Structure formats: structure tokens, C-alpha cells
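Have a look at the chain, then read on.

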Amino acid sequence: MAEFYTNCTLLLLLFLASTAAGAVFQPSPWSLAHATFYGDQTASETMGGACGYGNLFVNGYGTDTAALSSTLFNNGYACGECYQIRCVSSQYCFRGSPFATVTATNLCPPNWAKDSNNGGWCNPPRTHFDMSKPAFMKIANWKAGIVPVMYRRVPCVKQGGLRFQFQGNGYWLLVYVMNVGGAGDISGMSVKGSKTGWIAMSHNWGASYQAFSSLGGQSLSFRVTSYTTKQTVVAYDVAPSNWNVGLTYQATVNFS
């Protein structure tokens, strides 16, 4: 009996620890949407984008990306989320309805000059994916132009830790957060210099957060919270005291 209670206690402690750390992201149910593509097979037109990831090849996102309609984009809080998308109910779907796994890197803005069912595909409240052409060609013949799809959120599988790209100046630190695992998204960040306490950062746009503080000459740590799971990870001493803008620093921690 004593062994039984000991085992129960251990299981309870493990449950409480996992709850405190935040829920591990699980795939969502499948939902209906539509998909188009933009750019050509080189995906050069997908570089940059509203999330601020810059060169998607250099920063690890490649060509498997998509721009989201504003309904999905959620004012930039959806940046970094990962989706599986499969073509359905169209003669242009590939046999077996294969899926493409894409990362949200851009916004597909509304086009109010066109009807939502005739060219204004990203007009609210439509749920729409404007995929890179290479990603679209994994699920359907590109000649379709637009196809109905089923989609779901899936965990983002990343190699290595979170990456922090610095911009700004001596009094304003702007940080783009990339290579985010788990749910892929971020709801908030704080920064801590080696001579300061934790300083809350405000959401700038897309995947960027900013702090109006003089942090030069200090090593920097970051506390990052997932938008979806509320899980928080702390990356200590990510950037050395001689950090500089224009550089990217990688942590050893990531979301699960």
C-alpha cells in the first residue's frame, strides 16, 4: 500500500510539473479553407514578409511557407505557426490528397476592390492560405489557381534553440524571434540585462518585440511565452555583453 501511495505521489508531482511548464502543443482538428499561391517556383517573392523573417532560406524556413488571411494572421500573433494543408474536392488535387506542412511567414491582405468569392480571397472573414508556389505544388496542380483545402495546426519541429535577431540602436532593442518550436507562436517577451531586472517587451509587429532601454554592454537573457500553450521558456545569456544589432543569437532552449 505504501508503494502505491508513493507511485501516486510521483505521478501527481510529474503532472503538476508539466502543467506549470505549460501544455505541450497537440495537432488541432481538421478545418475547411481555400488556398492559392503567389510567386514562382523559386519562391523569391515570399522573402521578407509581414512576420519579419527576412531571407527565409538563410533563416531556416525554406519554401514551405504561406501567407495567412487576416482572420488567421491574428495581428501577427500567428507568425511561426505550422499547418498541414491538403487539397480536397477538386479535380486539380493530386491523387491520395497529400499534405504540405507550411510555416506562417506573411500576411495575405484583404483586397476590397474584389468580391470575396472572386479574387478577394483573403477578405475577412475568409480563412485562406496564400502558399508559396513550391508548397502549393505539393498538393495540387498549379493551374487550378485556387482549391478547397483541409488544414490543421501541427507542432513545429525545429532543430536547435530559439534564435533572436537584433535590430534597433543603443536605446531601442528590436528582436525578431525565429526557429520557434512547439506551437510556433509567441504572445510575450521580456529581456534581462546582466545589470537589470526583467524588462517587459512590447509587441511591435509580426514576430518582433521591442524594449526601449539602454542595454548596451550587458549580456542579455530572454523570457518567451507561447501564444497558444502559454508555456514559458527562459533563455539565459543568449547574447554576450558585446552584442550588436544586425546579428542573430541562438539559445539552447526551445518549446516542445
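## The largest pocket, by class

Let's start with the lining of the largest pocket, which divides into 7 nonpolar, 3 polar and 2 charged residues. In that scheme Ala, Val, Leu, Ile, Met, Phe, Trp, Tyr, Cys and Pro count as nonpolar, Asp, Glu, Lys and Arg as charged, and the others, Gly among them, as polar. The lining residues are Gly60, Tyr61, Asp64, Cys82, Thr101, Val102, Thr103, Val154, Pro155, Cys156, Val157 and Lys158. The largest share, 3 residues, comes from strand 4 (residues 99–108), and the pocket's volume is about 170 Å³.

A word on terms: on a 1 Å grid over the protein atoms alone, a cavity is a set of points where a 1.4 Å probe fits but cannot get out, while a pocket is an open set with protein on both sides within 12 Å along at least five of seven lines; lining residues have an atom within 4 Å of a point. Grid points are joined across faces, edges and corners, and the volume is the space filled by probe spheres set on the points.

## Ground rules

This is a predicted model, so local features need pLDDT of at least 70 and side-chain atom pairs count only at pLDDT 80 or more, while totals for chains, interfaces and linings use all residues. Residues are numbered from 1 along each chain as its sequence is written, and side-chain values use heavy atoms, with hydrogens and water left out.

## The overall build

The protein has 3 helices and 14 strands; these are DSSP runs (helices H or I, at least four residues; strands E, at least two), numbered from the N terminus. Its C-alpha trace spans about 60 × 60 × 30 Å along the principal axes. Buried residues make up 46% of the 256 residues, where buried means under 20% relative accessible area, exposed over 50%, and partly exposed in between (1.4 Å probe, protein chains only). Among contacts (heavy atoms within 4.5 Å) between residues at least 6 apart in sequence, 69% join residues at least 24 apart.

UniProt, in an unreviewed entry, puts "domain: Expansin-like EG45" at residues 48–161. That span is 7% helix and 30% strand, with its end C-alpha atoms 22 Å apart. Another annotation from an unreviewed entry, "domain: Expansin-like CBD", covers residues 171–251, a span with 0% helix, 52% strand and end C-alpha atoms 23 Å apart. UniProt positions are in the numbering used here, feature names are shortened, and annotations may be inferred rather than shown by experiment.

How many cavities of 30 Å³ or more does a search of the whole structure find? It finds 1. About 70 Å³ of space lies in the largest cavity, and its lining includes Tyr53, Tyr77, Cys79, Val177, Ile186 and Tyr209. By class, that lining has 8 nonpolar, 3 polar and 1 charged residues.

## Two buried residues to look at

Glycine 182 sits in the loop between strand 8 (172–178) and strand 9 (188–193). Is it buried or exposed? At 2% relative accessibility, glycine 182 counts as buried. Leaving out residues up to four places away in sequence, glycine 182 touches Phe25, Val154, Pro155, Cys156, Phe255 and Ser256. Val154, Pro155 and Cys156 also turn up in the lining of the largest pocket.

Valine 191 lies in strand 9 and is buried, with a relative accessible area of 0%. Valine 191 and serine 221 are 30 residues apart in sequence but 5.7 Å apart, C-alpha to C-alpha.

## Aromatic pairs

Rings of Phe, Tyr and Trp (its six-membered ring) pair if their centres lie within 6.5 Å; planes under 30 degrees apart count as stacked, over 60 as edge-to-face and the rest as tilted. By this rule there are 12 aromatic pairs. The rings of phenylalanine 166 and phenylalanine 222 have centres 5.9 Å apart and planes at 65°, so that pair is edge-to-face. It links phenylalanine 166 in strand 7 (residues 163–169) with phenylalanine 222 in strand 12 (residues 220–225), 56 residues apart. Both phenylalanine 166 and phenylalanine 222 are buried.

Tryptophan 172 and phenylalanine 212 have ring centres 6.5 Å apart and planes at 20°, so they're stacked. Tryptophan 172 is partly exposed at 26% relative accessible area, whereas phenylalanine 212 is exposed at 60%. Ring pairs also link Phe164, Phe166, Phe222, Trp243 and Tyr249 into a cluster.
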